[in-house]
Amino acid sequence: MTWRFRNGVLSLDRSAVMGIINVTPDSFSDGGTYLDADRAVARGEQLAAEGAALLDLGAESTRPGATPVPVAEELRRLLPVIERLRDRVKIPLSIDTRNPEVAAAALDAGAHIINDIAAHRSDPALWLSVARHGAGYVAMHLRGTPADMQANPAYQDVVTEVGDFLADRLRVLEQHGVAREQVVLDPGIGFGKSVEHNLALLRGLGLFICLDRPILLGVSRKSFMGMLVGAPVGERLAAGLACTLWSARLGARIFRTHDVAPTVQALKMWETLGPPSAVDRSR
Ligand code: HH2
């Protein structure tokens with residue numbers, strides 16, 4: 001399976017790791033660390049060297065309860081980093097934004113992919129920019145907005161509802177000129193979901209594989225794991241790796257993480273051992 005984006009194609013026969021750079025003062029796990037453009041660029045180079053297949057730059061925290069960042073501020077944080085990283089790393093740059101003006105400016109500045117946590121949008125302006133640039137697009141499921149999404153999220157059947165949403169997005173995107181080959185799907189772990197909803201989605205990932213597009217998963221350092229294993233935000237790496245390998249086994253292909261080197265290593269080892277069906281039971 002492949003993912004087509006502006007000026008390139010990513011082969012997903014093997015898993016790919018997407019390295020996170022939050023150019024924000026307030027992200028839930030690394031807020032303030034990469035707000036300075038020099039540090040963000042250096043971090044991008046480091047993550048590329050650690051084996052990231054792509055980078056995801058965000059300038060607005062979408063943690064539960066977060067308030068929106070004005071467009072001008074989002075652009076002020078992002079553009080200098082895009083303009084410098086574009087020439088310094090060979091891997092594609094994804095921009096984590098829900099704002100059509102920011103997406104358009106980022107694509108004009110040379111970004112390759114838009115990672116859209118608000119893929120439930122009805123205004124097609126952002127999709128039209130993606131179509132015009134032939135960019136890649138991540139369609140993520142989110143119930144509500146970051147400000148209110150964790151206020152008692154409720155579903156009849158979270159796996160079916162998220163699957164139906166993702167299937168519908170593929171259809172709507174095609175209507176707006178974004179081909180299936182440009183789209184990757186993400187169930188949106190932690191976005192309008194309880195701990196039980198997140199577990200159900202991880203267990204039910206097989207349903208999304210049937211949509212025949214690569215699945216991207218973002219579990220890195222998230223609070224549902226902290227609640228389950230009793231670990232603060234800086235001590236959830238092992239739980240995140242367990243979720244990553246679990247999801248890889250069920251067919252997920254792209255893993256969005258703050259911790260690139262350990263994730264690359266875990267996936268490499270897992271892929272070296274082969275799929276579970278290849279285990280030799282005769283010994
Ligand atoms: N998670 C976060 C942000 N963007 N995009 C996709 N496609 N999938 C995710 O799971 C996802 C995402 C939240 O993580 P982070 O960027 O580290 O935190 P913050 O939103 O506080 O900046």
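Colleague: How many cavities of 30 Å³ or more does the count come to?

Modeller: On a 1 Å grid over the protein atoms alone, a cavity is a set of points where a 1.4 Å probe fits but cannot get out, and lining residues have an atom within 4 Å of a point. By this rule there is one cavity of 30 Å³ or more. The model is a predicted one, in which local features need pLDDT of at least 70, side-chain atom pairs count only at pLDDT 80 or more, and totals for chains, interfaces and linings use all residues. Residues are numbered from 1 along each chain as its sequence is written, and side-chain values use heavy atoms, with hydrogens and water left out.

Colleague: What volume does the largest cavity have, and which residues lie nearest its centre?

Modeller: A volume is the space filled by probe spheres set on the grid points, which are joined across faces, edges and corners. For the largest cavity this is about 100 Å³. Its lining has 14 residues, and Val 219, Ser 220, Gly 240, Thr 244 and Thr 257 lie nearest the centre. Two or more lining residues come from each of α9 (237-249) and β10 (254-257); α9 gives the most, with four. Helices (H or I, at least four residues) and strands (E, at least two) are DSSP runs, numbered from the N terminus.

Colleague: Where does the ligand sit?

Modeller: A pocket is an open set of grid points with protein on both sides within 12 Å along at least five of seven lines. A molecule sits in one if more than half of its atoms lie within 2 Å of the grid points. Here the ligand sits in the largest pocket, which holds about 540 Å³ of space. That pocket is lined by 33 residues, with Phe 28, Pro 64, Ile 189, Phe 191 and Lys 222 nearest its centre. Among the elements, α8 gives the most to this lining, with three residues.

Colleague: Which residues come nearest to the ligand?

Modeller: A residue is near a molecule if one of its heavy atoms lies within 4 Å of it. There are 18 residues around the ligand, and Ser 27, Ser 61, Asp 186, Lys 222 and His 258 come nearest.

Colleague: Which side chain has an N or O atom 2.7 Å from an oxygen atom of the ligand?

Modeller: A polar contact is a pair of N or O atoms within 3.5 Å. The side chain in question belongs to Ser 61. In the side chain of Asn 115, an N or O atom is 2.8 Å from a ligand nitrogen atom.

Technical notes
A polar contact is a pair of N or O atoms within 3.5 Å; within protein, one must be able to donate a hydrogen and the other to accept it, and residues adjacent in sequence count only if both atoms are side-chain atoms.
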